[in-house]
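I opened my notebook to go through one chain, piece by piece. Here is what I looked up, in the order I looked.

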Amino acid sequence: MVRVVALPSLVQLIMRFALAVPFWRSGILKWDGFLQLSDTAVTLFTDEFMLHLPGGPYPFPAPTLMAFLSGSGEIIFPILLVLGLATRFAALGLLCMTVIVELTVPDGWPVHITWAAMALGIMAWGPGRFSIDYLLRNLLQLLKVAR
């Protein structure tokens, strides 16, 4: 019964969605339109967000660039995860973002560690059968055999 409920490909799909959702929700708040950062996003990286490193906290360097990169990653990586396209790369991107979020909001570690665990699981076990990566890999194998 447990194996029926916890099919590996279903678990992989759910992990991809579970990791994508919080980043997507944060990402859509950073934009006012196509490639138009919201003033709030820039203000957060300019005035509010700080990197909590030894001897710090320190302000983010190039806050407008950081807001743009953050907002872009929070939109692009979740889309890739949900589609299961370049999945391990997208999970690595969100793992790196999670580290930066943790350095920015160190008290959020109980949530951040779950994001890191999901990203690492996706990187280790891949996207599963319900993904474009899986379809592309099978298509490439078929083309290779056909030659």
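**Entry 1: helix 5 and its neighbours.** I asked what the buried residues of helix 5 pack against, and found helix 2, strand 3 (50–51), helix 4, helix 6 and helix 7 (132–146). To pack here means to be in contact, with heavy atoms within 4.5 Å. Helices (H or I, at least four residues) and strands (E, at least two) are DSSP runs, numbered from the N terminus. The model is predicted, so I noted that local features need pLDDT of at least 70 and side-chain atom pairs count only at pLDDT 80 or more, while totals for chains, interfaces and linings use all residues. Residues are numbered from 1 along each chain as its sequence is written, and side-chain values use heavy atoms, with hydrogens and water left out.

The buried residues of helix 5 are Thr87, Ala90, Ala91, Gly93, Leu94, Leu95, Met97, Thr98 and Thr104. Buried means under 20% relative accessible area, exposed over 50%, and partly exposed in between (1.4 Å probe, protein chains only). I also checked the length: helix 5 has 18 residues and reaches 25 Å from its first C-alpha to its last, close to the 26 Å expected at 1.5 Å a residue. That expected span is 1.5 Å times one less than the number of residues.

**Entry 2: helix 4.** I ran the length check again here. The 21 residues of helix 4 should span 30 Å, and the end C-alpha atoms are 30 Å apart, so the two agree. Its buried residues include Ala67, Ser70, Gly73, Glu74, Phe77 and Leu81. Among the elements that cover the buried residues of helix 4 are strand 1, strand 2 (36–37) and helix 3 (39–48).

I picked out Gly73, which is found in helix 4. Gly73 counts as buried because its relative accessibility is 7%. Leaving aside residues up to four places away in sequence, Gly73 touches Pro78, Leu94 and Met97.

**Entry 3: a salt bridge.** How many salt bridges does the count come to? The count comes to one, where a salt bridge is a side-chain nitrogen of Lys or Arg within 4 Å of a carboxyl oxygen of Asp or Glu. Side chains of opposite charge can pair when their charged atoms come close. Here Lys30 pairs with Glu74, and their closest N and O atoms are 2.7 Å apart. Lys30 lies in the loop between helix 2 (8–28) and strand 1 (31–33) and Glu74 in helix 4 (residues 63–83), so the pair ties together parts that are 44 residues apart in sequence.

**Entry 4: the largest pocket.** I met Glu74 again here. The largest pocket holds about 400 Å³ of space. Of the 18 residues that line the largest pocket, the closest to its centre are Phe45, Ser70, Glu74, Ile100 and Val101. A pocket is an open set of points on a 1 Å grid over the protein atoms alone, where a 1.4 Å probe fits, with protein on both sides within 12 Å along at least five of seven lines; lining residues have an atom within 4 Å of a point. Grid points are joined across faces, edges and corners, and the volume is the space filled by probe spheres set on the points.

Helix 2, helix 4, helix 5 (87–104) and helix 6 (109–125) each supply at least two residues of the lining. The lining divides into 12 nonpolar, four polar and two charged residues. Ala, Val, Leu, Ile, Met, Phe, Trp, Tyr, Cys and Pro count as nonpolar, Asp, Glu, Lys and Arg as charged, and the others, Gly among them, as polar.

**Entry 5: backbone angles.** Most residues other than glycine have a negative phi, and most peptide bonds are trans. I looked for exceptions. Ala62 has a positive phi of about 45 degrees although it is not a glycine, and its place is in the loop between strand 4 and helix 4. Ala86, in the loop between helix 4 and helix 5, has a positive phi near 50 degrees. Ala62 is partly exposed at 43% relative accessible area, and Ala86 is partly exposed at 34%. The peptide bond from Gly56 to Pro57 is cis, with omega near 20 degrees.

**Entry 6: the whole chain.** I stepped back at the end. The chain has seven helices and four strands, and buried residues make up 33% of its 147 residues.
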